[in-house]
Each structure stands twice: as C-alpha cells, then as structure tokens.
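Please examine the structure shown below. The paragraphs that follow lead through its contacts, its sheet and its helices in turn.

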Amino acid sequence: MPDTDSAPTEATMRPLLARLPIRWRLTILFAAVMALVLAGAGIATVLQFRDAVNEGDPTGVLQQHANGIVADLIRELLIVFPLVLLVAVLAAYTLSGAALRPVEAMRSRAATIDADQPEHHLPVPDTGDEIARLGQTLNAMLTRLHTALTRERQFIADASHELRTPLSLLTTELELALRRPRSHDELTTALHSALAETQRLSRLAEDLLTLSRTDRQQTRPSSTVVELGPVLEAVADRFRPALQHHRRHITVEAPTGLAALAHADHLDRAIANLVDNALRHATGDIHLTATHTNGRAEIHVLDHGPGLPHDFLPHAFDRFTRPDTARTHPGSGLGLAITAALITANGGQTHLTNRPDTGADASITLPAPHDQQPHG
C-alpha cells in the first residue's frame, strides 16, 4: 500500500510555492541558484588545489600534508560561503522588495479607486522600465473605463428624461379617458393622442437600440460599392410628399457613377436622418449633392433657414442634444447622433456647419473606391 505519510509530492508543493509572495519566490530562487554556484565553486576550488599539489610535487613530499590542507580549506569554505550566501540572499530580498515597491504602490492605490473618483490614477515610477509602462497602460485603461462609464451614465440619464415625458403624457391621457364616461369623439381623440405618444416611445426605443448595437460593434460592418445617385434619389422620393405638403421641394445633384464604400442600409438611414432634420428644423427647399474630393465621396444636405446657433454646432452630433430653437419640435435629439455613429462605423466622418448665405450644411464623408471615375 502507498505510504500516505510520505513527503509532499511535486503536485502539492507547487501550489504552496505559488502562494508565497513574489518577493519571497524571487529570493528563494536566487538563494537556490546561489547555493548551487557556491557549492560548485567550492568543489572546483578543492579539486584544483589537489591537482595543483599533484602537479607541483613530483617527489610526493607535499602529499603527506595535502589532506590536512584540504581539510582546512574545506572548513574555511564552509564558513565563508554560507556568510556570502546569507549576504547575497539579504541583498536579493532587499532589491526584489525595492523593485516590487512600485507594484505594491499601484495595487494600494487601485484598491481605493472607485467609479466616483475618475481623477485618481495609479502612481507611475519615473523609471521608464516595464513597471512604468505597465502603470501607464493601466492608467490609460482607467481613463477609457471612466470615460465610458461617464458616457453611459449620461446616456441613461438622458434616456430616462426623454422617456419620462411621453410616458407621463400617455398615462395622463389614459387616466383622463377613464376618469368619467366619455363620448365617442372624446375617446377617439384620447386614443389618437395615446397612439402618438406610443409611436414616439417606439421610435425612441428603436433609436436607443440602434445606438447600443453600434456601440457594441467591434468590427467595421461589411462595405460595398454604393452608387450615391440612386440612394439620394430614393431618400428624396420618400420625403417629397411631406415637403410638398409644406410647399417645399427637394432636389438631387450627383454625378453618374459616383460611389462610396459603405453599408447600404447604414448610408440610407444616415442621409434620411439628415433630411428629416432639415425638414423639421429648417425652412425652404432642401438640396442633396454628392461630389468626389481627394479620393473620398462627399454628400451634402443643404437647407434654407436661420441656420443653427454657433455654440450648438460643436455638439450637434452628441446624443439627446438639440438647439434651444428646436425644443418645441418633436424628436428625441438622437437623429444626428445615430447618423454620426453609423457613418463612423463605416470609416467616414460627419460635419455640420452654417452656410455663408443662409441655412445649414450637413455633410457626410466616406471612402471611395480606388477606381472611382464619376462623370456628369
């Protein structure tokens, strides 16, 4: 039968050694290597001494005293080498502690950082070594995490604010409809109002899901060569009835063959969002243009009207952001944010400026095929 009281096996010793602090593991490893080196050096010294005695004493006179000299040498080595080993181990323990002190400082600071302290970072030693680079990398990661957390908190707060209004209106409409007997016309009016708020909630939920999917997407969506003229015409056709109702027109100007590299559905929705924004917040006709500039395709949605406040332009594509002049119009302030997210996912850029004469210019820039040869 196997001896259950035998010494621990290697499988049981390895976790024990792994549980020790790194400082102790480094010291033990150094002590083991140093002991082997000193033992080897002592054995080599004794053997070399014996060889020297044998070669330098052909008559054999010194052989009589060699054993005593070797014994003295071994005793001296047994005294000196342990002292050397002890000093070396203490030095290794001290140096390993000094080398790992910045790591312990970073660990201690990391234990105190929470979500409400975005300005706190790990201390980074001014050494330029691997530990310093590790600290810099971790600090950069903390910055990204805090930025994402702040963005998500703001997103949740803004979404809650936007959802509160239609939910409150919907609740009020239904409560009023149930408070006392209503006529058929009154119930119809209440249901139409509730339906409008429900549709608004549905659009808002769809927009939030679109932004969420875009944020989670780690890879660029599959791009195809999309001819811009037909896309612009299709978007314009969808908005013509609404524009004609307000005695406004929409025109398209795009060279034949001009194309961009993008996901077709993403591009269609991005342009539609820009046109919808111009429809709701501008006056006069809307003009869609497409050009080829410096190897990239540019799409412009031009409108006529008062333009946008200059302090709003830098934040136009932020989520839930609307100019003060547009607060009375329906909408959640997500249309331009969705446009920016879709175009960025396709490797493009979005811009919004005021035109020199009147109105706004919302533009999309996308990669164009290398063999692009548009012609008018």
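Leaving aside neighbours within four places in sequence, Leu267 is in contact with Val226, Leu228, Ala262, Ile299, Ile343 and Leu366, where contact means heavy atoms within 4.5 Å. The model is predicted: local features need pLDDT of at least 70, side-chain atom pairs count only at pLDDT 80 or more, and totals for chains, interfaces and linings use all residues. Residues are numbered from 1 along each chain as its sequence is written, and side-chain values use heavy atoms, with hydrogens and water left out.

Leu267 also belongs to the largest nonpolar core, which has 40 residues; Leu267, Ile271, Val275 and Leu352 have the most contacts inside this core. A nonpolar core is a set of buried Ala, Val, Leu, Ile, Met, Phe, Trp, Tyr and Cys residues joined through side-chain atoms within 4.5 Å. Buried means under 20% relative accessible area, exposed over 50%, and partly exposed in between (1.4 Å probe, protein chains only). Among the elements that give two or more residues to this core are helix H6 (228-245), helix H7 (264-281), strand E4 (283-293) and strand E5 (296-304). Helices (H or I, at least four residues) and strands (E, at least two) are DSSP runs, numbered from the N terminus. H7 supplies the largest share of the core, eight residues. Apart from this core lies another, of ten residues, including Leu211, Phe320, Ala341 and Leu342. In soluble globular proteins, nonpolar side chains tend to be buried together.

Helix H8 is largely enclosed by the rest of the structure, because nine of its eleven residues are buried. Among the buried residues of H8 are Leu336, Ile338, Thr339 and Ile343. Just after H8, Gly347 takes a positive phi of about 80°.

The sheet may be considered next. Five strands form an open sheet with mixed pairing, in the order E2-E4-E5-E7-E6; two strands pair if DSSP finds at least two bridges between them. The edge strands, E2 and strand E6 (349-354), each pair on one side only. On average, neighbouring strands of this sheet are turned by 15° against each other, direction ignored. Axes are lines fitted to C-alpha atoms, for helices over the stretch in contact, and angles run from 0 to 180 degrees between N-to-C directions. E2 and E4 run parallel and are joined by four bridges. Val252 stands opposite Leu288 in E4. H7 packs on the sheet and touches E2, E4, E5 and E7; the direction of H7 makes about 20° with that of E5.

The structure also holds one aromatic pair. The ring centres of Trp24 and Tyr93 are 5.1 Å apart and the planes stand at 50°, so the pair is tilted. Rings of Phe, Tyr and Trp (its six-membered ring) pair if their centres lie within 6.5 Å; planes under 30 degrees apart count as stacked, over 60 as edge-to-face and the rest as tilted. This pair links distant parts of the chain, with Trp24 in helix H2 (residues 22-56) and Tyr93 in helix H3 (residues 63-112), 69 residues apart. Trp24 is partly exposed at 43% relative accessible area, and Tyr93 is partly exposed at 26%.

Confidence remains to be considered. The mean pLDDT of the protein is 80, and 83% of its residues reach 70 or more; pLDDT is the predictor's confidence in each residue, from 0 to 100. Confidence is lowest in helix H1 (residues 10-18), at a mean of 58, and highest in strand E2 (residues 250-253), at 95. Where pLDDT is low, the predicted coordinates should not be read in detail.
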